[in-house]
Amino acid sequence: MAILICGGAGYIGSHVNKLLNRKGYETIVLDNLVHGHREAVKWGAFVKRDLSREEDIESVFQAYKIDAVFHFAAFAYVGESVEFPEKYYFNNVVNTLNLLKVMRRYGCGKIIFSSTCATYGEPDSVPITEEQKQNPINPYGMTKLMVEKIFRDYGKAYGLHYVVLRYFNAAGADIEGEIGESHRPETHLIPLVLDAAAGKREDVKVFGADYDTPDGSCVRDYIHVLDLAEAHVLALRYLEQGGRSDFFNLGNERGTSVLEVIQAVKKVTGKDFTVTYADRRPGDPAILVGSSKKAERVLGWKANYPDIEEIVAHAWKWYGRATY
């Protein structure tokens, strides 16, 4: 099978690309390299194209017989989405419509979509299940929810088969150290703390120490990027075997506080660094932890790397040999 990976030069997409190739799939990575890294595409074919141009997408479908699509291509900075919502609606929603239009034209009816727990907004309870109401509190989360709704409509009208995977906090890196996490600017907690451990950052800021949590800092659900990659392959096989279109949370079902992440980094790296405290950030819930029971039951998925110290250790290994 030939699999098109849109955004496959990014963090999660590159790990999925590696795993698909290991499983014997032919992959074609489409990326405009605005946030992705050409160096991360070490497997399969690469085409520099942009989903904003329908002719770019069509050129790939003309060159390859695409059996299914993985869609990771999106802008994902929450703060930026608040400041520049138009940018996010065009890139995340309109570009997805472009992709779906070409898929229909060439008879490609399977897609696995990278969604987010941000579609839930402020949770009513934790762990968050797929049945909880979705009420995003920022444009980024809203764009992902809009695409989910588009898939529902396309499924009814055109027979699109889809799996939507709602991630919690992706973390870690390839165990072999070939690819890893690198964002510009970097906003994810673990890479920021690793920067401090490596002496590249003066301190680590903890936003809020008075939450109703055991140590007063926010609690989040960190899931290893390799576990995410495995879920994508299982989702593809699920669709290949005739599974109905559906939505799944992907998380560890365990929470780790900001301070616990910091302690894990100190333990793994053997480095000490300064930790400072700042006011809470608007819109930061105290606890975000997801239930992955549905993915376990339907897809046969489970997290193989749930321990935060192991996640940090793999990220640190990549950090020490990062090439991009």
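This is a predicted model: local features need pLDDT of at least 70, side-chain atom pairs count only at pLDDT 80 or more; totals for chains, interfaces and linings use all residues.
Student: Which way do the S1 residues point?

Tutor: Ala2, Leu4 and Cys6 point one way, while Ile3 and Ile5 point the other way, and all of them are buried.

Student: And which strands pair with S1?

Tutor: One is strand S2, residues 26–31, which pairs with S1 in the parallel sense over five bridges. Within that pairing, Cys6 sits opposite Leu30. To get from S1 to S2 the chain passes through helix H1, residues 11–22, and this β-α-β crossover is right-handed. Another is strand S4, residues 68–71, which runs parallel to S1 and is joined to it by four bridges. There, Ile3 stands opposite Ala68.

Student: What holds paired strands together in general?

Tutor: Strands of a sheet pair through backbone hydrogen bonds, in either a parallel or an antiparallel sense.

Student: I also noticed an open sheet made of three strands. What is the strand order there?

Tutor: The order is S12-S9-S14, with mixed pairing. Strands S12 (256–257) and S14 (287–288) are at the edges with a single partner strand each, so one side of each has no neighbour in the sheet.

Student: How do S9 and S12 pair?

Tutor: S9, residues 219–220, pairs with S12 in the antiparallel sense over two bridges. Arg220 is opposite Thr256 in S12.

Student: Changing topic: how many disulfides are there?

Tutor: The count is zero. Take Cys108: the nearest cysteine sulfur belongs to Cys6 and is 9.6 Å away, and Cys108 is in no disulfide. With 5% relative accessibility, Cys108 counts as buried.

Student: What about Cys117?

Tutor: Cys117 is in no disulfide either, and its nearest cysteine sulfur, that of Cys218, is 13 Å away. Cys117 counts as buried too, at 12% relative accessibility.

Student: Which residues line the largest cavity?

Tutor: The lining is His71, Ala73, Ala74, Asn92, Thr96, Phe113, Thr143, Lys144 and Val147. Helix H4 (85–105) and helix H5 (139–158) are the elements that give two or more residues to this lining. H5 gives the most, with three residues.

Student: And how much space is in the second largest pocket?

Tutor: About 310 Å³. The second largest pocket is lined by 14 residues, and Glu181, Ser182, Glu186, Asp195 and Tyr319 lie nearest its centre. Helix H6 (189–197) and helix H10 (308–321) each supply at least two residues of that lining.

Student: I'd like to check the backbone as well. Where are there cis peptide bonds?

Tutor: Pro127 is in the loop between strand S5 (110–116) and H5. Another cis bond joins Arg184 and Pro185, with omega about 0°. Pro185 belongs to the loop between strand S7 (169–171) and H6.

Student: Which residues other than glycine have a positive phi?

Tutor: Leu33 is one of them, with phi near 65°. You'll find Leu33 in the loop between S2 and strand S3 (45–48), and its relative accessible area of 26% makes it partly exposed. Glu253 also has a positive phi, about 65°, although it is not a glycine. Glu253 sits in the loop between strand S11 (246–250) and S12 and counts as partly exposed at 28% relative accessibility.

Student: Last topic: Glu240. Where does Glu240 lie?

Tutor: Glu240 lies in helix H7, residues 225–240, and counts as partly exposed at 33% relative accessibility.

Student: What does Glu240 contact, leaving aside neighbours within four places in sequence?

Tutor: With those set aside, Glu240 is in contact with Met1, Tyr25 and Lys110. Glu240 and Lys110 are 130 residues apart in sequence, yet 8.6 Å apart in space, C-alpha to C-alpha.

Note on methods: Residues are numbered from 1 along each chain as its sequence is written. Side-chain values use heavy atoms; hydrogens and water are left out. Buried means under 20% relative accessible area, exposed over 50%, partly exposed in between (1.4 Å probe, protein chains only). Two strands pair if DSSP finds at least two bridges between them. A crossover is right-handed if, with the strands pointing away from the viewer, the path from the first strand over the helix to the second runs clockwise. Contact means heavy atoms within 4.5 Å. A disulfide is a pair of cysteine sulfur atoms within 2.5 Å. On a 1 Å grid over the protein atoms alone, a cavity is a set of points where a 1.4 Å probe fits but cannot get out, and a pocket is an open set with protein on both sides within 12 Å along at least five of seven lines; lining residues have an atom within 4 Å of a point. Grid points are joined across faces, edges and corners, and a volume is the space filled by probe spheres set on the points.
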